[in-house]
Amino acid sequence: MAPPSSWALRAGSTAAELALPLLQQPERLKARLGEVPSEPGCYLLRDSEDRILYIGKAKLLRPRVRSYFQSGSGHGHSPRISLMVRQVCEIEFIVTDSEAEALALESNLIKQNQPHFNVLLKDDKKYPYLCITWSEAYPRIFITRRRRFRSPLDRFYGPYVDVGLLRRTLTLVKRVFPLRQRPQPLYRERTCLNYDIGRCPGVCQQKISSEAYHHTLRQVAMVFQGRNEELLELLNEQMGRYAERLDFESAAGVRDQLQGIDTLTADQKMSLGDSSVSRDVVALAADDRVAAVQLFQMRAGKLVGRLGFTADAVGADGQPLEPGRILQRVVEEHYSQVEPVEIPPELLLQHALPQQPLIEEWLAERRGRKVKLAIPQRQQKADLIELLERNASYELQRAQRGAEQQLLATEDLAQLLELPSPPRRIEGYDISHIQGSDAVASQVVFIDGLPAKQHYRKYKIQSSSIHSGHSDDFMAMAEIMRRRFRRWAQAKAEGADLRQLRRAANTTLHTGGLNDWPDVVMIDGGKGQLSAVMEALRELNLDEDLVVCSLAKQREEVFVPGAKLPLESEPDQLGVQLLRRLRDEAHRFAVSFHRQQRGERMKRSRLSDIPGLGPKRVKELLAHFRSIDAIQLASPAQIAAAPGVGPALARQVWDYFHPSDDPAGEELAS
């Protein structure tokens, strides 16, 4: 691939221009669009804070970028894309030599930046990944449901549909290969029993080099890449070399590894007649909203892995997507994130892709060898596609049942609170402390009845009236409401249309700007907490704009402002159950944050707050005086006599414990 030439369109722009959307600057927008060439490449749309909103590719950049701004108001686009266009403050583009290069570049840029408006594959929490932290000297291998790249070198394998099989496989792998068995060492100065029985190579005491441990992990990774046949060949060759050198003990260890890998593949019940070809099989089932995608990994004729994805079935224009387009986007995003060795020589697809020759060319370039995309129509391969479609249908039905249950809960809550439509974003708040000490608050968010943890927030209570020995939950809750909605109050005071801002908030989950308006705010507590919250909202002039309720714990009663009695409800009805889940999650999140703050405070010694006293000197002072009380009772001269403490530092320590005293006339020991 020829190196792409980059054209950044930020030269000559003032800070004031970059802070305003291009739709509000027609002349500048016209000039920017005129600079976009009619060549293949990628375009990047940025907001006022220089964040990338969207990354796209085009065979001809100019008409593609112009299409976003043709009418000047986003007319003809979906609400989601219209909202994005209203935020665009700058355009950048990168010219490439071909559309295939643009496709590869787009995949790399999306993988690196992960723009909000590019997301197609959903982060399905029920599907776990296997992570190997290649960026560390001694990599860890573990199962996780959070796919977060701490380093570009780290790798995630999956997502895996069969969680039990994944856990059994990892357990067996740790028995077959000598790997670190614990996240933290059991002992500081010596190895544990795992080293003595050969389960661990002694990572904690560095009894194995980083290079040798990486070599072992590369063999383990081949198992999760579906390259078992290659691994078996390598181990057979290694066992032969050990036998030739008469190193029978090492040869026996490799033999045990071979037997373990045979056990890993023994449970495979599916196979194809042609065992010489490795292939991936992709199929989907979709409704008018979402698509469930299944990907089977066939290696040497055997099923070695099953991955599951959830994708949007609706395009940017609000129209249903063709199955081929959905499959193409899934193929693009999935294979842009795997290593080249994981790309098989053949892909069996349920539907033809709109740009199938281009995708073949791109995959072949990534793999370094030819990749064939086929749509089987008969015999065993067509039956395999049908099997994947049935599996995808079951996953889709499960997703639909869950979505239907959440919809019923939000509809019931709307009836309970007399809302015109089911609430989409619901926020819950709770306070946690111990007699006023380490007081914190939590904000949790449910979107369409499900937790949206990316929107959770933590608050440290800042009021000086709340301290150890004195608590005031009403004041704390009022403080959180003021801090949470002060931006909205300011926007309203400046004449902004809250209705329009609320509509914008409901079209995206983007966290920047004023687009986080909740449909319902739930307070953990009774009428007292609710009254304090409403008083704070009246100060902000938002009391008539927000829908607020509280849930009392004792009888699960729902209170609303202005009503003396709770609403008529049953604890087991769906709407109340939704509020209870929200309340329990807010309580859990607040308590965990409070424990974290309390633990950090208890770990800190009072001496650590004195300037000039590091951990070493604190340790020496405590060793000399035996307790902090003894230090507090000591004179400046006695403190200066301690090891590592001079007259100046002794004066600082004494002043810390006696801020209002004056040690005039007290001689410091030299």
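Predicted model: local features only at pLDDT ≥ 70, side-chain atom pairs only at ≥ 80, totals over all residues.
Local features were taken only at pLDDT of at least 70 and side-chain atom pairs only at pLDDT 80 or more, whereas totals for chains, interfaces and linings use all residues. Residues are numbered from 1 along each chain as its sequence is written, and side-chain values use heavy atoms, with hydrogens and water left out.

The protein chain contains 21 helices and 19 strands; helices (H or I, at least four residues) and strands (E, at least two) are DSSP runs, numbered from the N terminus. Of its 670 residues, 48% are buried. Here buried denotes under 20% relative accessible area, exposed over 50%, and partly exposed in between, computed with a 1.4 Å probe on protein chains only. Considering contacts (heavy atoms within 4.5 Å) between residues at least 6 apart in sequence, 64% join residues at least 24 apart.

A salt bridge was assigned where a side-chain nitrogen of Lys or Arg lies within 4 Å of a carboxyl oxygen of Asp or Glu. Side chains of opposite charge can pair when their charged atoms come close. The count of salt bridges under this rule is 28. One of them joins Glu-90 to Arg-28, with an N to O distance of 3.0 Å. Glu-90 belongs to strand S4 (residues 90-95) and Arg-28 to helix H2 (residues 26-35), so this pair ties together parts that are 62 residues apart in sequence. Glu-90 and Arg-28 are both buried.

Helix H2 also holds the pair Glu-35 and Arg-32, which are three residues apart, about one turn of the helix. Their side chains form a salt bridge at 3.7 Å, N to O. Glu-35 is partly exposed, at 42% relative accessibility, whereas Arg-32 is buried at 7%.

A further salt bridge connects Arg-583 and Glu-556 at 3.0 Å, N to O. Arg-583 is in helix H17 (residues 574-603) and Glu-556 is in the loop between strand S18 (548-552) and strand S19 (557-559), so the pair ties together parts that are 27 residues apart in sequence. Both Arg-583 and Glu-556 are buried, Glu-556 having a relative accessibility of 15%. The backbone of Glu-556 has a positive phi of about 55°, although the residue is not a glycine. A positive phi of about 55° is also found at Gln-206, likewise not a glycine. Gln-206 lies in the loop between helix H7 (193-196) and H8 and is exposed, with a relative accessible area of 59%.

Salt bridges also link Lys-57, Glu-106, Arg-329, Glu-332 and Glu-333 in a network. Lys-57 is located in strand S3 (residues 52-58) and is buried at 13% relative accessibility. With residues up to four places away in sequence not counted, Lys-57 touches Gly-41, Cys-42, Tyr-43, Arg-64, Ala-102, Leu-103, Glu-106, Arg-329, Glu-332 and Gln-355.

Helix packing was described by axes fitted as lines to C-alpha atoms over the stretch in contact, with angles from 0 to 180 degrees between N-to-C directions. Helix H14 (residues 473-493) and helix H16 (residues 527-539) have axes that come within 8 Å and cross at roughly 35°. This crossing of H14 and H16 is right-handed; a crossing is right-handed if the near helix is turned clockwise from the far one by less than a right angle, and left-handed if anticlockwise. On the H14 side, the residues in contact are Phe-474, Met-477, Ala-478, Met-481, Arg-482 and Phe-485, and these meet Gly-528, Gln-529, Ala-532, Val-533, Ala-536, Leu-537 and Glu-539 in H16. By class, the contact of H14 with H16 comprises nine nonpolar, two polar and two charged residues. Nonpolar covers Ala, Val, Leu, Ile, Met, Phe, Trp, Tyr, Cys and Pro, charged covers Asp, Glu, Lys and Arg, and the others, Gly among them, count as polar. Glu-535, also in helix H16, is partly exposed at 41% relative accessibility. The crossing of H6 and H8 is right-handed. Leu-166, Thr-169, Leu-170 and Val-173 of H6 meet Val-220, Val-223 and Phe-224 of H8. The contact of H6 with H8 consists of six nonpolar residues, one polar and no charged.
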